[in-house]
Structure formats: structure tokens, C-alpha cells
Amino acid sequence: MTALNPSTRRRLQQLRQIPSVWEGDRRLLMPEFAVGALEAAGRKPNQCVLWVDGSEGMVRGMEMVSGDVGHEAIVRTLLQAMEYPQGAALPARPQKIVVRDREIQFFLRGVLQDLDIAIEYAPELPIIDEIFEGLQSAIKPHPPQLPPEYEVDVLEATADIWNDAPWEVLDEEKILSVEITGADVGPLYVSVLGMLGMEYGLLMYRSIESLKQFRQRVLAAGDSPEGLEEAFLEQDCLFVTFEQDGELRSEDESTAVSAFYAEAGVLPTFGNLHPLEGMRPILHEEEATTVLLALKALHKFFQKSLQRLEQEDFPAISGSYRIPDPNDASRKLSIKVATMPALADELSEMTIAAGFPDEDFPFSAPPLLNNHLVPTDSFYSLGAMSWDILEFLRRSVKFHQPAGAEFPAEGDGFPVILIQTSRPKATELIEALKAAGGLKAICFNPGEDPFSEDRYDLGVLQTEDGELHLFGEFQEDDEVHIQARKKWDQRCKKTKGYCGLIIARGLKGASSGNPQFNDMMALFETRYISAQELGLGELQLIPYLE
């Protein structure tokens, strides 16, 4: 049994002893209460340790712990209750302690000896019982995002929008109006998110004024987090978004949301924003009905007209559709979807007036290196894998691009570049490389930022279509990278210039930075070429906006 340090025991003995009886216990709480640092570390703190001064009726110490933590947690919380009590209580040592667990009683007797504290057993602890009942009654389960009777239909309509991928054609300024005839709801003005590859979804504004006001406030806020947050919360809209790195909550695992997540690899989220209500991450019945009708009409519109919207000028297109009323299957509602070219022009002019450059910005020449292929938040590294593992990956990954020629399996391993990102982004990266004809070569090229005078070793991917893509920037004087590059070059010499690229998922999971075999989705075997062979010379950072 762990004993107190002599110095700790002397310090506790110096505390004044008060003629009071303290109750102590640990109780299991509902899963919704399990929050904090332990949960982030993969250990859910689903138990609460509580110490109460029964004479005064006040809580002196409380701590959330994991169920696998021993009785030491009870002692730790007790010592805090003595020396650093919560609330307005003064440091003190009790005359008596009462617990309802015999094992805890014996443990405390052994640890707290020489502190002149009587430790007794009682089958019930009335004050702690009352406190825990209050805690449990205050904990409410998460309400569902969607009313159960609409969940399947809304998710099916949402899946259709995800497959339509309107963000590949429409930016946030190209607004669509949705007018539902026969329903007690005004027109919705839909802004499509996702063309920048960040957050995908639809914002359904209840008024043009709210849309314009949000746009103005975002432009005025600039980089101010407070200004952006205020602008965000003052929107008046319904929203449907897709979280690419979202985690499925345990309470969703048996629902249609779980099936959607398994199929699409993204987590749909629904909610409402209003200046007086803030953000509410659920839709009530009338709101779910409105969203369902709008999504179905938009899907029909996209099926027929999305390709026509790819032209540079936002054309005037509309379509009317008969959609079954979710509340009355025998009734159909007329819904009109239309583009709003004039509003799109007005929003674009608003952006330009705020000082953001347009397409005629002088630094508009395309860069030598594209930086939009590899997701910006990816983890990347240089390394090597054993020859046995290489053979295993060739057979196990979902996509494998072979080297196209034999090369010697010499040295301590096969040199590889690892890029780890989320599963949806990894899938997109693989598909983009395949669409470009595959990976032609990997290279490192010198680069410089003329403003800061920092020098870099730029990691470059060359695709078969001749395009060059930046996958990473390494400080030229970084000792870790210098050593990694030396090993990389040595390994590539032994393989006669052959190397590989591994694309893995799991950036936000437990395997972040260290993907396991089942996280590795693709292996591209290719050539390593020198900067001289690439022939770019030293590259300089130049401001560029698309």
C-alpha cells in the first residue's frame, strides 16, 4: 500500500482539526458526464469522487476519474479537500470520515494513520446520495439532430446532395432561391459551401438581408476571431454541413446516421442559426420538413442544371418541381428553384469593395508549384519501410501503382514519403493522382521566401500530366531534416532511384503521425529525381491569389 510522504503527513498534521464529519464516495455517472482531459487520452472519466462536510452540508472536493483508477484517487481528492477546499471553506482536517465501502475504509485507515482521523463505515450516505441524484437529474442525453420520423428521409435527401457535389461548380456568392408553395415558410436563399475544399454544406438563409449582412460583417471582421464569431452567430438560417473529420457519437451507432457515415465517409450535421437563439445543433419538426423539401428540390435542380452552371457567367436558370408533402403523402407541394445572378454580382462587388483582389490582380500568373493537391493540414514525413512490409503493402492497399521496372532490394529499406490526412481527403488525393495519370516522380527542390529570407527544401510530386505539386516545406537548416535527407538520398542510390509515396488516413485518430497497416490506403512506386533533373532552379515565394 502506498503511504504518505513524511513531509506531507507533517503538513496535514499542522492543519487545524474541526469537529465535523465528512462523507466520501465514488459513484458511476451517466456517459454524458464523461468529459475532460482523460477522455481526450482515451480513458473516459465516468466516475465522480466526492468529499462533503456533513456538518456544514458543503462540498469540499470533487474529481472526475476513470473507472480503472484505484483508491489513490479517493485519497488525492481528500487531501485536496483538506488543504485546498472548494468554495469558501478554509483548510482543515476532519474529526471523522464516513464511507460506505469496506475496502475503501480499510485503505484509508492504512494511508491516513497518524492524522488522528476516525474512519468509519455506514451503509448509506444521505448527503452524498442527494448530491449525486441532483447531478444525475441535471444530465440530459443529447437530443437527436433530426426528429425520428423524418431522419431516414432527410438523410437520404442529404446523401443525394453529397453525391451531387454542387460545391465543385458553385461558390458561396452564387445564390439559389428555393420557394415552397403551400407551406408556411418564406423563400430560402441557399449559399453553397466547399469550393475552397474546407467545409462542405448548404446555408439556407431566411432572408436576403441576413445573407448580405453576414457577408458584410465577415468582410469587415477580417482576421478578428471575435468579429467572425459575432457575424456567425447573427446569421438567420438553417444549415446542413458535412464534417470530414467528424467522429460518430456512440449514441448514433445504431441509427441511419451511422449508415450514412459508413457509406459516405462524412458526418452530416444539421441545425439552426438565429441572432436571438444562437446556434442550435438540432432541427425541430417544422424545420426538418422545410430542409427535407428544399434538399429534394435542389437535388432535382442539380440533376438537370448543375452542368449548365459551370460557365463563368452565372446564368439565369429556374425549375419547378412537385415534391410529396412529408406530412401528407397524398398531397404534393410546388417548389421553385432559381439562380440569382444579380445577387451574385452584388455579393462579388461587395467583396471587391472591401479590398479583396479580383481576377485582374497583378500577381495572377499561375505558380510553378501547385499547392492544392495535398491537403494543407496533412502530416508528412520522410522515412523507409522494410522490404517485407513493402511486399505486404503491395498486396493489401486499396490502390497500388507499381514501379514499372525491377529495382534492387538493397539497404535498410525502401525509401518512402508518407502523407497522412483524413479518410475523405486521402480518397480525394488518390483519385486526383490517378486522374493525372499517376505519380511520375518525387523530388526536393530549393526554395526561398524573399520577405523573410528563410530557405526551404521543397518536397515536390510530379504527376504524369506534367504538373508539379508541393507536398511539404522543410527548413533548409533543420538538423532533423538534414539527417533525414541524407538517409533518403543514400537509400535512393541503393534502389537505383526508386522510391514510394504512401497515402494514409487517420490524421485525427489514435494513429495520428504513426499510421498502422489498415490506415494505409495507397502505395505509389515511382522514381526519385534530383533538383538538377527537374530543372526549376531555386524557387521564390510570390504572392498569388486565384
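This report looks at charged pairs, surface patches and cysteines in a predicted model.

Residues are numbered from 1 along each chain as its sequence is written, and side-chain values use heavy atoms, with hydrogens and water left out. Because the model is predicted, local features need pLDDT of at least 70 and side-chain atom pairs count only at pLDDT 80 or more, while totals for chains, interfaces and linings use all residues.

## Salt bridges

Side chains of opposite charge can pair when their charged atoms come close. A salt bridge here is a side-chain nitrogen of Lys or Arg within 4 Å of a carboxyl oxygen of Asp or Glu. By this rule the model has 24 salt bridges.

What does the bridge between R27 and D129 tie together? R27 lies in strand β1 (residues 17-28) and D129 in helix α5 (residues 126-138), so the pair joins parts that are 102 residues apart in sequence. Helices (H or I, at least four residues) and strands (E, at least two) are DSSP runs, numbered from the N terminus.

The linking goes further. D25, R27, R100 and D129 form a network of salt bridges.

How covered are these residues? Buried means under 20% relative accessible area, exposed means over 50%, and partly exposed lies in between (1.4 Å probe, protein chains only). D25 is buried, at 4%. R27 is buried too, at 13%. D129 is partly exposed, at 24%. In the remaining pair of the table, D171 is partly exposed at 22%, whereas K174 is buried at 16%.

## Surface patches

Patches are made of residues with over 30% relative accessible area and no salt bridge; like charges are joined within 9 Å, and nonpolar side chains (Val, Leu, Ile, Met, Phe, Trp, Tyr) within 5 Å. The areas come from the Shrake-Rupley method with a 1.4 Å probe, and for residues only the protein chains shown count as cover. Lys and Arg count as positive, Asp and Glu as negative; His and the chain ends are not counted. The place of a charge is NZ of Lys, CZ of Arg, CG of Asp or CD of Glu.

Which residues form the negative patch? They are E149, D184, E285 and E286. E149 sits in helix α6 (residues 148-164). E149 is exposed, because its relative accessible area is 51%.

The positive patch brings together K296, K300, R322 and K332. K300 belongs to helix α10 (residues 285-305). K300 is partly exposed, at 37%.

A nonpolar patch of about 240 Å² is made by F232, L233 and M279. F232 is in helix α8 (residues 225-233). With 35% relative accessibility, F232 counts as partly exposed.

## Cysteines

A disulfide is a pair of cysteine sulfur atoms within 2.5 Å. How many disulfides does this rule give? The count is zero. C492 is in no disulfide, and the nearest cysteine sulfur, that of C499, is 4.9 Å away. C492 is buried, at 3% relative accessibility. C237 is also buried, at 0%.
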